[in-house]
Amino acid sequence: MNKTLLIIKREYLSRVQKKSFIVMTILGPLLMAALFIVPVYLAQLSDEVKKVFILDETGWFINKFENSERFNFEYLYTDPESAKSIMTAQNGYALLYIPKPDVSVPSSALIFSQKQVGIDLKGYIRNVMSKEVENQKLGAEIMKEIKKANPGFDETDDDTGAGNVVSEEILKNIKTSIKLTSIKIGDEGKEEKSYTEVSMMVGMFAGILIYFFIFLFGSQVMRGVIEEKVSRIVEVIVSSVKPFQLMMGKIVGVALVGLTQFLLWVVLTLAIVTVFQTAMPDKFKKAETVEKFNPGTRIPASADSEISYEEVEESDNLGTIIEAVESINYGTMIFAFIFFFLGGYLLYGAMFAAIGAAVDNETDTQQFMMPVTIPLILAIVVAQFVINNPEGPVSFWFSIIPLTSPIIMMIRIPFGVPYWELALSMVLLTITFIFAVWMAGKIYRTGILMYGKKVSWKELGKWLFYKG
Amino acid sequence: MSYFSVRNITKRYSGHTALTNVSIDVPKQSIFGLLGPNGAGKTSLIRIINQITGPDEGEVFFDSEKLAPHHVDRIGYLPEERGLYKKMKVGEQALYLAQLKGVNKADAMKRLKYWFEKFEIQAWWNKKVEELSKGMQQKVQFIVTVIHEPSLLIFDEPFSGFDPINVNLLKDEILALRDKGATIIFSTHNMASVEELCDDIALINKSHKILEGSVKEIKKQYKTNTYSLDFDGYSGAAEALLPVGFELLDEQSDDDLRQAIVRIPEKATQNELLQAFMPHVNIHAFKEIIPTMNEIFIRKVNEASKPFLNL
C-alpha cells in the first residue's frame, strides 16, 4: 500500500475513534436540530386567542380561514391604510393583506403586526392560501383537459396540454408556494421591515461553519504535529517516509475527519428533525414542514425558481427557511462549501502544521498563532459589513483575497455572486494553498527535528531556503 | 569489500559545520561503532544515512549503489530518543510502522507474533503504549526497528533504559542479527559494549573523524608496554628492584599485597622484569595493561581539543 495512504488511514482512524469526535458528532446535530425545533415548539406555548384581520383584495380567500382555539379571523373590506389603523386600534394580533396580484394568480401576501408574528400563524396562512390557489389552478387545468378531450366544447384553441388525465406534471405545475412578507408596525404607526433574511442566515451560517472548521481541524493538525514531535516518533517515521508525505498524510487525514463530521451532522440533523416531526406531526403541520422535509413530496426546484430569496423573509419559520434554502442555488452552495472548506483548510492547515513543527510544545505556539489567525478573525468581523452590503468593494476584496475568501465568499454566495468572481476567488485560493503547502513543507522538514530551540520568525525564514 | 560507505561527507548548518569531510567504510556483516562525544556530529551522520537530511558535499553508497530513496525499506533505525504514539495500541502501532517500512500486513503479523513471543510481551498487544513500562516500550521499539528484516541496522544508544538482564537479551539479539547477515552501525557512549560488540569503529570529534579501524588494531596501536605486578613478602622500595630503563609509574598497596605499574623500555621484555623481582618477592599476578576503548576515546578527544599539547 502506498505509504501516504497508510498515514492518511492512521490519522483518520485514530481521530474518528476518539471519544471527543463521537461526542461532537452527537452534540452538533442535537444543537442544530434544536435550532430548528425549539422556535416551532415555543410558538405553540402561548394560549390566548388572537385576533387576526384579513384584507383580501383578490376575494379568493373569503371565509377560507377558519377560527380556531388560537386564532379568530375577521374580514375587513376597506383600504390597506384604514385596515392597519383598525388593527392597531382594536389591538389585533396581525393584519393579513392579500393584494391584487399583477399576474393572474395570487402568490404573495403581507402580514402587518405590532409584534413579531409567530410561525404557527404564518404556517397556517401559507397552508390555506396555497391550498386554495392550487385548487383553483387544478380546476383550470381540468377545464383545459375537458376542452381538449371535447374540441367542440369551446372554440378556444389550446395546443399546450397533453395527456388525458390529470398527470403528475400538472400536479407539479399547480404546486404553489406563497410568499409571506412580515412588516412590523412601530409604536407610532410607522412601518419598519423586520428583516431576518434567510440568505443572510444561510450565508452567515456557512461562513461561521467554515471558520469553525478551519480552526477546529487546523489546530488538530498542529496538535498532531506537536504530539509526534514531543513523543519523538517523528524521527522513526521520517526514516521510513519523506517528511512531506507525513505532513500531507496528516493534513489530508484530518480533512477527511472534517468532511465525515460535516456529513454526519447533516444526516443526523435531518434525521432528528424528521423523527421529531413524525413523533409530533400536529405541531409541525401548521408550519408546513413535514411536507417540506419529506423528499417524496418535496417541491421540485423548477416550481420554486420563481421565488427569489430576497423576497422571502421572516426566517423563524422552518418552512420558509427551507423554501429559501431551496431557492438558493443548492448545487453551487454545496460545491462551494466543500471547495472553500478544503481550500481554506489546506491553506490554514499547512500553516498550522508548520507552526506545530517549529515549536516544542503547545504553549510556544502563541507567537506564531496570532498572525495566522488574524485574517480569520478579521473575516468574521467584516462579515457584518458583507451581509449588509454583499456587493460592495469590501465584500468583493475580502472574498477574493485567499486568506479571508473561504469565509467571506461563503457568506456572499446566497446573495448571488457573479461566476467570474467565484472562479477568480477559487483560482487564487488554489494557488495560495499550493504555495502555502510548499512553504509549510520546507519549514516542517527542518522543524520536526529541531528541539530545545526558541524559534523566531527570522529563523523560519531561513528554513525555507535550506537544502534537502 | 565495504557494504556501506560514506565518502567525504560535509554537512553545514547555518551556525556551524556538523561534519567535515568524513568518510567511513562499514564491512558487510559486521558491527561498526560510531563513536564521539555529544555534539560531535554522529546524529547528523546517522540522519544522512537515513536520508532524513542530505549532505552538502560527498556521497553515500549502500551495497555498491548510490544511496537512493528506495533504500529506506532496507534500513532499520533505532533513534536515541525513542518515540511511539502514546495513545495508540501496541500491536496496531507495530503493524503500522512495519507497513510504513513496506512490509505487507500478513507478513508483518507473522513476524510480530514471533518477536512478541520472543520478548514475552504478547499480553501487551492491545494495551496502549502509555500503559507500558519504559523497558517494555524499548522492546517494542526494538521490534519495530528490525521487523522489516533490514540489511543495514542503525542503533543509537540501544541499551539505554534497559536493565542488565534485558541488555544481555538485546546484545544476543544484535549479535544474532549480524550472524544472520545484517550489517550494523552502532552508536554509543558505552565503551564497554563497544569492546564487546564492535568489529570496527570510527571516532568523530567536532565534525572531524579522528580515529578509525578495527577494535583489535586500535587497541594494539595504543598499547604502552605497561604491566602490572601484584606481589607481597617484600618491604623495601619496589623501585630498587627495577632493572635499568624500567620505569615505575605507580605503586599501590592493600594490606600486605602491593601492586606496581611498570613501563618496560623498548627492546626489553617483560621477562626481565619478572626475573628482577622473582628472587625478592612472592608474585601473585602479572599482566599487561591494555588500554580500554574508554581510555583511548578520552585520550583521542582530549588530544584533538588541545592540539598544542600534542606537539
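Two strands are taken to pair if DSSP finds at least two bridges between them. The model discussed here is predicted. In chain B the mean pLDDT is 87, and 98% of the residues reach 70 or more. For the complex, the predictor gives an ipTM of 0.80 and a pTM of 0.71.

The pairing of S4(B) with S5(B) can be followed residue by residue. B:Phe62 lies opposite B:Glu65 in S5(B), and B:Phe61 lies opposite B:Lys66 in S5(B). Two residues separate the strands, so that S4(B) and S5(B) form a hairpin. In its turn, B:Asp63 has a positive phi of about 55 degrees.

S4(B) also has a partner in strand S1 (residues 2-12) of chain B: S1(B) and strand S4 (residues 57-62) of chain B pair in the antiparallel sense over five bridges. Here B:Arg7 stands opposite B:Glu59 in S4(B). These pairings belong to an open sheet of four strands in chain B, with the order S2-S1-S4-S5 and antiparallel pairing. Strand S2 (17-27) and S5 of chain B stand at the edges; each has a single partner strand, so one side of each is left without a neighbour in the sheet. Helix H1 (residues 42-49) of chain B packs on this sheet and touches S1, S2 and S4 of chain B. The direction of H1(B) makes about 60 degrees with that of S2(B).

Another open sheet of four strands in chain B has the order S12-S13-S11-S14, again with antiparallel pairing. Its edge strands are strand S12 (247-254) and strand S14 (282-289) of chain B, each of which pairs on one side only. On average, and with direction ignored, neighbouring strands of this sheet are turned by 15 degrees against each other. Within the sheet, strand S11 (residues 226-232) of chain B and strand S13 (residues 257-263) of chain B run antiparallel and are joined by six bridges. B:Phe231 stands opposite B:Arg258 in S13(B). Helix H8 (residues 270-277) of chain B packs on the sheet, where it touches S11, S13 and S14 of chain B. The direction of H8(B) makes about 20 degrees with that of S11(B).

The axes of H2(B) and helix H3 (residues 105-118) of chain B come within 10 Å and cross at roughly 125 degrees. H2(B) and H3(B) are therefore oblique to each other, and their crossing is right-handed. On the H2(B) side, B:Gly91, B:Ala94, B:Leu95, B:Ala98 and B:Gln99 take part, and they meet B:Lys105, B:Ala108, B:Met109 and B:Leu112 in H3(B). By class, the residues of this contact divide into six nonpolar, two polar and one charged.

In chain A, two helix pairs may be set beside this one. Helix H8 (residues 243-279) of chain A packs against helix H17 (residues 419-447) of chain A at an angle of about 115 degrees, with the axes 9 Å apart. The crossing of H8(A) and H17(A) is right-handed. A:Pro243, A:Phe244 and A:Met247 in H8(A) meet A:Ala440, A:Gly441, A:Tyr444 and A:Arg445 in H17(A). That contact has five nonpolar, one polar and one charged residues.

The other pair consists of helix H14 (residues 366-388) of chain A and helix H16 (residues 405-412) of chain A, which pack at an angle of about 20 degrees with their axes 10 Å apart. This angle makes H14(A) roughly parallel to H16(A). H14(A) passes H16(A) in a right-handed crossing. From H14(A), A:Ala379, A:Ile380, A:Val382, A:Ala383, A:Val386 and A:Ile387 meet A:Ile407, A:Ile408, A:Ile411 and A:Arg412 in H16(A). The residues of the contact divide into nine nonpolar, no polar and one charged.

The contact between the chains remains. It takes 19 residues from chain B and 20 residues from chain A. On the side of chain B that touches chain A, the largest share, four residues, comes from helix H2 (residues 90-100) of chain B. By class, this side of chain B has 10 nonpolar, five polar and four charged residues.

How values were computed:
Residues are numbered from 1 along each chain as its sequence is written. Chains are lettered from A and ligands numbered from 1 in the order in which they are written. This is a predicted model: local features need pLDDT of at least 70, side-chain atom pairs count only at pLDDT 80 or more; totals for chains, interfaces and linings use all residues. Two residues are in contact if their C-beta atoms, placed from the backbone, lie within 7 Å. Ala, Val, Leu, Ile, Met, Phe, Trp, Tyr, Cys and Pro count as nonpolar, Asp, Glu, Lys and Arg as charged, and the others, Gly among them, as polar. Axes are lines fitted to C-alpha atoms, for helices over the stretch in contact, and angles run from 0 to 180 degrees between N-to-C directions. Angles under 35 degrees count as roughly parallel, over 145 as roughly antiparallel, 65 to 115 as roughly perpendicular and the rest as oblique. A crossing is left-handed if the near helix is turned anticlockwise from the far one by less than a right angle, and right-handed if clockwise. pLDDT is the predictor's confidence in each residue, from 0 to 100.
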